[in-house]
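Notebook open, model loaded. I want to jot down a few local features while I click through.

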Amino acid sequence: MLLCCPQKGFSSKRRGLLLACRGRGADDVTGFLCPAPGLHFVYTQQRVRASVRCDGAHGPAQASHGQDVPQVYDMVHYGHSNQLRQARAMGDYLIVGVHTDEEISKHKGPPVFTQEERYKMVQAIKWVDEIAPGAPYVTTLETLDKYSCDFCVHGDDITLTIDGKDTYEEVKTAGRYRECKRTQGVSTTDLVGRMLLMTKAHHSNIDEDLDYRKHTDNFGKGPKGHSPWTGVSQFLQTSQKIIQFASGKEPEPGDTIIYVAGAFDLFHVGHVDFLAKVHQLAEKPYIIAGLHFDQEVNRYKGKNYPIMNIHERTLSVLACRYVSEVVIGAPYAVTADLLDHFKVTLVCHGMTEVVPDKDGSDPYEEPKRRGIFQLVDSGSNLTTDLIVQRIIKNRLEFEARNQKKEAKELAVLEAMRRLEEEKH
């Protein structure tokens, strides 16, 4: 659920927005991914709090009143962030509701991240003002009224309970439901498939291979065909999308410009913990994150890493509240030119191993020479490798869940088709 505060000029009446958004995203992979919380909007002193239930929804539609956006935010990606970005634009204050592990396991399957990890991930998205832990999976009028919400918003897919019922049936019947468009080209199903298939076809500048094409055609496919809401599609980066995610803020006098670099693959709570610690190193931090190209990441991480390509990783990092700017395709070695160009005063790296550059040199040699290099212990041991291991461990459960989900969606589609035929 998402809660948003209305913009200036909103009625002085205490009303709220409860945004319930779902779409292609974490929800597509709930086999071992867990849904995120919901958002609720509560109006207080000329602002409405938006509460969002996370289970994989995306951007809500424009509205002048309170809305609710449920989601599954287990594996949080730029599709979820884009939903929250749109929700936040509807008001002045956004609250995101997050489901518990128990609620997710009941309706979706075992989550990849714990509820505490999901709480932290959602709170780190820069458009979120507050989270509401333990949001209910089924959105009811009681929930909307509890947060003084006018209506709820959901993506243009179908959200079903474990017994196949529409989770928004009650609010739809009451006329307190709105719908929004999902973010195209993003799917947790696809991300999980990349991990399981070990393909590199998703990397930039690499031709698609036969195994990956087979994956996009068949992954999670039920016996009766494809559901339009569960599956794989291609992400196409645009300058407009980058502009929407970017802060657009230049460093101000007195800012401490801090540079960090890496893959930031499958942007997760380990990255959030690291960036949060870096953010605490200065009174006015301006953090620039350098993202390495896919081929560079693959050189030092091996296997089929990165799981997300450079375009996808860019949006994921830009959505983080601690990051001010992103260098797309940053050089592996932190050079004097880079430090001088951005006027960097501090370079930070986590406690993970630093792999030498292609020529065997230390990529942090220059900042160390200048005395501006600092190791930062995030206190987290979560890595992209560990996330992949969690998913592989639950592989069979995920595949079974995905096929059941698609079968239920296809049944709903068939029923809708029959209703349309009867009308005509």
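I started at the end of helix H10: Gly-302 follows H10 and has a positive phi, near 75°. My helices (H or I, at least four residues) and strands (E, at least two) are DSSP runs, numbered from the N terminus. This is a predicted model, where local features need pLDDT of at least 70, side-chain atom pairs count only at pLDDT 80 or more, and totals for chains, interfaces and linings use all residues. Residues are numbered from 1 along each chain as its sequence is written, and side-chain values use heavy atoms, with hydrogens and water left out.

Next I asked which residues of H10 are buried. In H10 (residues 294-301) they are Asp-294, Glu-296, Val-297, Asn-298 and Tyr-300. Buried here is under 20% relative accessible area, exposed is over 50%, and partly exposed is in between (1.4 Å probe, protein chains only). Their cover includes S9 and helix H11 (310-318); contact means heavy atoms within 4.5 Å.

S9 took me to the sheet. I find an open sheet of five strands in the order S11-S10-S9-S12-S13, with parallel pairing. Two strands pair if DSSP finds at least two bridges between them. Strand S11 (325-328) and strand S13 (373-375) are the edges; each has a single partner strand, so one side of each lacks a neighbour in the sheet. On average, neighbouring strands of this sheet are turned by 25° against each other, direction ignored.

I zoomed in on one pair. Strand S9 (residues 256-262) and strand S12 (residues 346-349) run parallel and are joined by three bridges. Ile-258 has Leu-346 in S12 as its bridge partner.

His-349 also sits in strand S12. Is His-349 buried or exposed? His-349 counts as buried because its relative accessibility is 9%. Leaving out residues up to four places away in sequence, I see His-349 touching Phe-274, Val-354, Tyr-364, Phe-373, Gln-374, Leu-375 and Val-376.

Last stop, a helix pair. The axes of helix H3 (residues 115-123) and helix H9 (residues 269-279) come within 9 Å and cross at roughly 55°. That makes H3 oblique to H9; under 35 degrees would be roughly parallel, over 145 roughly antiparallel, 65 to 115 roughly perpendicular, and the rest is oblique. Axes are lines fitted to C-alpha atoms, for helices over the stretch in contact, with angles from 0 to 180 degrees between N-to-C directions. Glu-117, Lys-120 and Met-121 in H3 meet Val-269, Val-272 and Asp-273 in H9.
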